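We will go from stop to stop, picking residues and looking at what surrounds them.

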Amino acid sequence: QVQLVESGGGLVQPGGSLRLSCAASGSVFDSNAMGWHRQAPGKQRDLVAAVTRGGTTTYADSVKGRFTISRDNAKNTVYLQMNSLKPEDTAVYYCNADSLLSQIRAGRSRYWGQGTQVTVSS
């Protein structure tokens, strides 16, 4: 049973930074692409960023240049470094994993975490 546990969310002022972490259990981490999605109140859940096993990354246009996704295969952990945060980044952020990057892009990942709240407000 793969479990994804997110941490690192919280309240931050506009322009600030946060780093989200997602620890994965099981050897499945090694064979899966990893992603972060987010969902704001009343909105659909959207892809933020994803990274393949080989380290190839993809980002939503709204976060390019501000967010960085990375993975540490030795620790079974994926990170999302978020800089220059804006109020519109406020959302619940979900870690997810799937063997196919296309499934992550489509929001149809096999494995999902419980989510961590990120609030950007002064």
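A nonpolar core, for this tour, is a set of buried Ala, Val, Leu, Ile, Met, Phe, Trp, Tyr and Cys residues joined through side-chain atoms within 4.5 Å. Keep in mind that you are looking at a predicted model.

**Stop 1: the core**

Start by selecting Met-34, Trp-36, Leu-80, Met-82 and Tyr-93. The largest nonpolar core has 29 residues, and these five touch the most other members. To see where the core draws its residues from, colour β3 (18-24), β4, β5, β7, β8, β9 and β11 (116-120): each of them gives two or more residues to it.

Now centre on Leu-80 and show its contacts. Leaving aside residues up to four places away in sequence, Leu-80 touches Leu-18, Arg-19 and Leu-20, then Trp-36, then Val-48 and Ala-49, then Phe-67, Thr-68 and Ile-69, and finally Tyr-93.

**Stop 2: the β7 and β8 hairpin**

Next, display β7 and β8 together. The two strands pair in the antiparallel sense, over 6 bridges. Follow the chain to the turn, where 4 residues sit between the strands and Asn-76 takes a positive phi near 55°.

Which residues of β7 make up its covered face, and which its uncovered one? Phe-67, Ile-69 and Arg-71 are on the covered face, while Thr-68, Ser-70 and Asp-72 are on the uncovered face.

**Stop 3: Leu-47**

Move to strand β5 (residues 46-51) and select Leu-47 there. Beyond residues up to four places away in sequence, the contacts of Leu-47 are Trp-36, His-37, Ala-60, Ile-104 and Arg-105.

**Stop 4: the salt bridges**

How many salt bridges does a search of the whole structure find? The search gives 3. Side chains of opposite charge can pair when their charged atoms come close.

Select Arg-38 and Asp-89 to begin. Their side chains meet in a salt bridge, with 2.9 Å from N to O. Arg-38 lies in strand β4 (residues 33-39) and Asp-89 in the loop between β8 (77-82) and β9 (91-98), so this pair ties together parts that are 51 residues apart in sequence. Are the two partners buried or exposed? Arg-38 is buried at a relative accessible area of 14%, and Asp-89 is buried too, at 1%.

Arg-66 lies in the loop between β6 (57-59) and β7 (67-72), so its pairing with Asp-89, in the loop between β8 and β9, ties together parts that are 23 residues apart in sequence. Arg-66 counts as buried, at 10% relative accessibility. With all three residues on screen, you have one network: Arg-38, Arg-66 and Asp-89 are joined by salt bridges that share partners.

Not counting residues up to four places away in sequence, Arg-66 touches Gln-81, Met-82, Asn-83, Ser-84, Leu-85, Lys-86 and Asp-89.

Asp-61 is exposed, with a relative accessible area of 64%.

Terms used:
Residues numbered from 1 in each chain as written. Predicted model: local features only at pLDDT ≥ 70, side-chain atom pairs only at ≥ 80, totals over all residues. Heavy atoms only, no water. Salt bridge = Lys/Arg side-chain N within 4 Å of Asp/Glu carboxyl O. Buried < 20%, exposed > 50% of the residue type's maximum accessible area, 1.4 Å probe, protein only. Contact = heavy atoms within 4.5 Å. Pairing = 2+ DSSP bridges.
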